[in-house]
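Here are some notes to read beside the model, written as numbered points. Please keep the sequence and the structure open while going through them.

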Amino acid sequence: MIEENKEKVFILDFGSQYAQLIARRVRENNVFSEIVSHKITAEEIRKASPKGIILSGGPASVYVKNAPGCDKEIITLGIPILGICYGMQLGCQMLKATVQPTATREYGRTACTVNDNSKLFKSLSKDTTVWMSHGDQVVELPAEFESLAFTKNCPFAAVKHKTKPFHGVQFHPEVTHTPQGSKILRNFLYEICECTGDWKMHSYVENSVADIRKQVKDGRVVCGLSGGVDSAVTAALIHKAIGNHLSCIFVDNGLLRNYEAEEVINTFKNNFTVDLHPIDARERFLKKLKSVTDPEKKRKIIGHEFIEIFKEEAKKISQAKFLAQGTLYPDVIESIPAHGGPTVTIKSHHNVGGLPAELGFELVEPLRFLFKDEVRKIGEELGLPEELVWRHPFPGPGLAIRIIGEVTKPRLDILRSADKIVIEEIRKAGLYRSIAQCFAVLLPMSTVGVMGDERSYENVIAIRAVETTDFMTADWCHIPHETLGIISSRIINEVKGVNRVVYDISTKPPSTIEWE
């Protein structure tokens, strides 16, 4: 739990696709941020005592009926406010400015001129580039406002109020397309909100350990290991807090990457004296998946079977009262409707379904305030191996949804071998850390080839590699052709049953990162 006396900035969400990105940018500046509903009351904010408030962007127009708004008393709290895009328009409207549709909309990179080196634009160059995305804008300002910046089509690209601590920017400083955007946000946090920057991963570990000990006391915690960084960091953090009062269950479903099961077991045996329960359930999962080709059915079968196995093993662990899960902050905030009220119930993202209630467990979720990049920093802080901390994301159903069609042991062997080669060569090329996710997919087709002097009719492997910061959108990676050539050659020569390799160059959207 975040201590009440810690610095924090509230982000009021008006349905922005960038709300999470704003939160992450604030945290990168060592200030804790929390996304809340725009319906939060001024009194609730006053009691929480945030150092600052950011009003997010949003898809609506502030002047239409039922446009999302906020408690107007927020403006009177004396807490610094930064409005971004829709947030600027809303704040200005509440302070008697006029917002209207523009004759010429602005989308994309736009030249911007700063005409007031106030605290918000401290140390920024006069001429800069910003990322615009709006069809409405402030067209008339009361005398109580000052204009801080302008573009060719937007006379009030940034503003501030003369007597109230309100600043607004029509552009998006949180995106990388605004090159000096991080400086603007940092200026808001440190020059205007006067933050000191006490959000550090080392402190978070110390506070989490204390919270876990306070919650668990002498009880026993059960944690399900998946092979991913979230569950590993969760287990390591809890182990630091309560030592041998932690029991870990690792279910090998046979759908993991090459040597992944062995790596997980060895990591926790060699680095922690943890009560580890490895379960070999490979045959059990394959039997359940026999003849199943529909991806949604695969997911349900795998999820259900995992829960059944976990229940069987958890019941064998005496005095287990708590269930640990690697719930992350995006899991929490994505469950809050942008237009929901402050009392909207947050859905629990249970990695093991309804087990907490079914087995009478109390949840322990030490990562629920963290983003993925922060989890990796915690992993490094706890001394977990780099290979595990920086391992690319892996879907819960594993290789089952990277095999298009039926999942069988021979097909798993083909995909595992191909995927191993992909990762090996990406690492050799020094690209692994710069790529967000990279993997192989086994397609449900065979193609004609010539191997030696004989005709072949064998499988096709697709390679997928993406770059992204939030996994909400993603672009395909421009891997050097030489590296792709080596990957293709190795797979065709070393993986029996493959005679063709293709590369996926689609973006998200419209495509998804995974194929199923």
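1. F32 is buried, and W199 is buried as well, where buried means under 20% relative accessible area, exposed over 50% and partly exposed in between, with a 1.4 Å probe and protein chains only. F32 counts as buried because its relative accessibility is 1%, whereas F369, at 21%, counts as partly exposed.

2. This is a predicted model, in which local features need pLDDT of at least 70 and side-chain atom pairs count only at pLDDT 80 or more, while totals for chains, interfaces and linings use all residues. Residues are numbered from 1 along each chain as its sequence is written, and side-chain values use heavy atoms, with hydrogens and water left out.

3. The rings of F32 and F369 have centres 6.2 Å apart and planes at 75 degrees, so this pair is edge-to-face. Rings of Phe, Tyr and Trp (its six-membered ring) pair if their centres lie within 6.5 Å, and planes under 30 degrees apart count as stacked, over 60 as edge-to-face and the rest as tilted. F32 lies in strand β2 and F369 in the loop between β14 (362–364) and α12 (372–381), so the pair ties together parts that are 337 residues apart in sequence; strands (E, at least two residues) and helices (H or I, at least four) are DSSP runs, numbered from the N terminus.

4. Which residues form one aromatic cluster with F32? The cluster consists of F32, W199, Y204 and F369, and the structure holds 8 aromatic pairs.
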